[in-house]
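Hi,

Here is the structure I promised to pass on. Have a look at it first, and then read on for what turned up when I went through it.

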Amino acid sequence: MERSGSGSRTLFPKGPSFTVDDFSNKDFVVRDFVDDLAESSLSSNRRSGPAQQAFDPKPLIRTFENALQGLSNLSEELQEKESDLSSQVRRAEIQHDQTIDTLGRKLEQTIDQFEALDLTLNDPAGDGRGNLGGQMGNIAVQIGEKLEDLDKKRRRALDANFLLQCWFQVSETGELTSLEDIRRQGGAENKVRCAMIAHQLMRISQRLDPVSWGTTNGYRNGITNGDGGGDVEKRHNTREILEKFCETLEQDLLQQFNNSYRKQNFDDMRECAKVLHNFNEGASVIAVFVNQHQFFIDRDQLITDEVTTDGETWDQLADPDSEPPGVEPSLQSLIDEVKIIMQEESFIIKRAFPYYETVLIKFIQRVFQQSIQQRLEMVLEKANTISSLAFLRSLHASRSYIGSLVEDLKSHGLTEHPEPCSTQISQTLDQQMEELFVPYIVGNFYIEREKKSLEELFNSLLFKYNIYHSRRKKAPTGFMASLAQQTNQLMATAKDAYLERLESSDLTPTQKAMMLRVAGVQETDKNKNEIEVSESEGVLSTATAKRMLTWLAESIRRTLELGSQSDTPKDVAILLSLLLMNMGQVYVETALEAALERTTSQENLKTEPDLSYLPSVKPAVTIGSMMSRFISTVLIRLAESNTTVRRSMEAQAKMGIESIEKKASSIMRSTVEVIVNWVSKSLATQKKLDFLPKDELSIIESLQTPTCTSIAAFLDRGTRFIGQAVDGANLEVFSSELALGIQRLLFEHFKKFKVNATGGLMVTKDIAKYVATLKEWPLSKDVEAAVELLTEIGYLFIIGPEALRERSRNLATGGGSSTKKLLKADFKAFIQSRDDARSVGVQSVLSSL
């Protein structure tokens, strides 16, 4: 029905039609578009044919051809629109360029006109109209200047007229009605004007009314104010009237300033401060602002409070082995509060005063000179009643904490926040801090306190040590006694100084307890000079030296931070002398001299020497090395700024360290002599028949001769002491020197005895024991070779003539001694000691030499 009723419709369906909007949609997808076209053509085909009809591509072809045709038409349409729009754009660009050119020309014309007008007004050398314009411009400027001058003259005339009017009022009637009227009007400008006029009237009064000021001006033959002397009684005292008016005006302004301060009206405060500055440079308003500050009112009430730090903290301050606890709590609380107040008030000062730097300086001075200084003095006075060390530690902690306050305020900027402080404020802060501590560090006051404190500590620590060595039995006479005389005097002086200090009336209980504790002495000991001391208390200890250096290092740190940088070289020179005297001479050299006395006294003893003094050498050398390193790395470097002092310190330190080293070397050299002498005496006890035995069985049963056994045992005991005295390269040098001395003794020893064939075995055993004992020591290669040469001696007594002849071919030639080969003279001496030396075979060997 639809088909029959269609009338003029075509046989095939009409192709799809498209618009630009169909492709402008964001959801447009080409694949979906193609699928829709195919679906529309297939659906119409299914409606017109049977269900199982074969695939017919023609509907699809027709549909796609129609679609292509529609797309082609749409593309042509769009191309035309694009061409049209491009033409419009080109026309618009051309129009825009023309507009820009037109505006540029108009701007250039405007600039030219402005320049011409400017030249006309300012260039009187122009021509024509320019000349006329220049003349008009100059005339206008001149008229303006004249008007300004006339206005200034007019105002000066009015001020002069008003000033004269006021003067006549005060001089004739004794009143200031006109000024009072202006003052009652209020306002900052009126008050400033009143202040200026009042000051001018004061100067006029000094000139024209000297009677009020108690002087005569010397003008007009003594006639005052231009009138005769008879009218003086009718004149009023202008000085009193003006001063009273100024005082009233100042009090009004100060009251207004206080009211504005309570209301935080900074603008009104600023105006009042500006007016008051004309009176006395603002001194009154600054004083009112500073003195009535709540911080000073509160602190004035608390300033009488005592320093109430707990006793444990004070004990820790006085204990040299404890870390300093830091700044005193009440002073710390004050400084923390000052930091906050200064930062807050600097903001108010800058807004309330036009001359804010002057006010801030006064505020800083009041804070430091009143609040901080008073509390600091109380803290230091309390610390001084505890001990010298407590005073020094409190002084250092206070200086460091106040110094950090100053640096924090500088970095904050105060009135210049967030920028750093101005130069003037920074200088004021530095000056106020320095003035706080000047009484404690001026001149040599501080370094003398440090020296005294260290001397007390060192004397306490070495008290028992000094007592032990003072009781030690010394060599009665001789070179060593004179050598040790200076050290003994220093030791006695240090001991006596400690005892005197303990009995001093100004010694505080805390300091006395500290000195007794450091010395290891009980308060119950009646006579401190007669206390019992053990041998261990007279022995050197590196731990004791470290304590002394730790105390000295703390003192140096305080000296660097509290003392002047220019005085640092001199201060460290004083501390160096103290170190060399107490640790170098009194402590180390005393022990070395004791050891040296013992070793020299044993050089010619008939009994076996006691080498127990040797262990004192090693700690002495160690402490000397510690001293040398500390002096070179700390003290000398701190004195580099002063060449003279540095060189003097270097020479002093070198002398002190060399003295220790020389005494240690003397002990070791003397020890070599003691050991060698004893070995020599022991060898002298060797029996003549020890190497001419008749019983071979006794030779087999015995290992060595009694002499060899005793010497080897003595050397073994000495080895233990030597190892405790030196080590490393020093031990090798000492052992080599000692071994070489013993080797020479043994070398000569075996030349003195007749040896038979059986005794040669005994010689061999003795030599083997000697060599084994000596080789236990660290020896140099040459000395070790010399020790090994001893074994050759034993072989010379047990081998036959042919072997002797063979060995005679390897003898050393020339004079002197050899450490690797036997000399012919020595070889001959040993051969002649054989009991068969007169045999034909041995004689042939000797004759061949």
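Before the helix pairs, a word on terms: a helix axis here is a line fitted to C-alpha atoms over the stretch in contact, and the angle between two axes runs from 0 to 180 degrees between N-to-C directions. Please also keep in mind that this is a predicted model.

With that in hand, let me start with H13 and H14. Their axes come within 8 Å and cross at roughly 155°. Angles over 145 degrees count as roughly antiparallel, so H13 is roughly antiparallel to H14. The crossing of H13 past H14 is right-handed. On the H13 side the contact involves Phe368, Ile372, Leu376, Leu380, Ala383 and Asn384, and these meet H14 residues including Phe391, Leu395, Ile402 and Val406. Sorted by class, the contact of H13 with H14 holds 11 nonpolar and three polar residues, with no charged ones.

H15 joins the picture next. Helix H13 spans residues 356–384 and helix H15 spans residues 423–441; their axes come within 10 Å and cross at roughly 20°. That angle makes H13 roughly parallel to H15. Here, too, H13 passes its partner H15 in a right-handed crossing. Among the H13 residues in this contact are Leu360, Ile361, Ile364, Phe368, Ile372, Leu376 and Leu380, while H15 contributes residues including Ile425, Leu429, Met433, Leu436, Phe437 and Tyr440. The contact of H13 with H15 divides into 13 nonpolar, six polar and three charged residues.

What about H14 and H15? Helix H14 covers residues 388–412, and its axis comes within 10 Å of the H15 axis, crossing at roughly 175°. That makes H14 roughly antiparallel to H15. Phe391, Leu395, Ile402 and Val406 are among the H14 residues that take part, and they face H15 residues including Leu429, Asp430, Met433, Phe437 and Tyr440. By class, the contact of H14 with H15 has 11 nonpolar, three polar and four charged residues.

Asp430 sits in helix H15 and, at 30% relative accessibility, counts as partly exposed. Which residues does Asp430 contact, leaving aside its neighbours within four places in sequence? They are Val406 and Lys410.

Not counting residues up to four places away in sequence, Gln704 touches Thr709, Met762, Lys765, Asp766 and Lys769. Gln704 and Lys769 are 65 residues apart along the chain, yet their C-alpha atoms are separated by 7.7 Å.

I also looked at helix H20, residues 509–519, whose buried residues are Gln511, Met514, Met515, Leu516, Val518 and Ala519. After H20 comes Gly520, with a positive phi near 75°.

Finally, the chain as a whole. There are 33 helices and zero strands. Of its 849 residues, 41% count as buried. The chain exposes about 47,400 Å², and carbon and sulfur atoms supply 52% of that area. Among contacts between residues at least 6 apart in sequence, 77% join residues at least 24 apart.

How values were computed: Residues numbered from 1 in each chain as written. Predicted model: local features only at pLDDT ≥ 70, side-chain atom pairs only at ≥ 80, totals over all residues. Heavy atoms only, no water. Helix = DSSP H or I, 4+ residues; strand = E, 2+ residues; numbered from the N terminus. Parallel < 35°, antiparallel > 145°, perpendicular 65-115°, else oblique. Left-handed = near helix turned anticlockwise from the far one by under 90°. Contact = heavy atoms within 4.5 Å. Nonpolar A, V, L, I, M, F, W, Y, C, P; charged D, E, K, R; others polar. Buried < 20%, exposed > 50% of the residue type's maximum accessible area, 1.4 Å probe, protein only. Areas by Shrake-Rupley, 256 points an atom, 1.4 Å probe, with all protein chains shown as cover.
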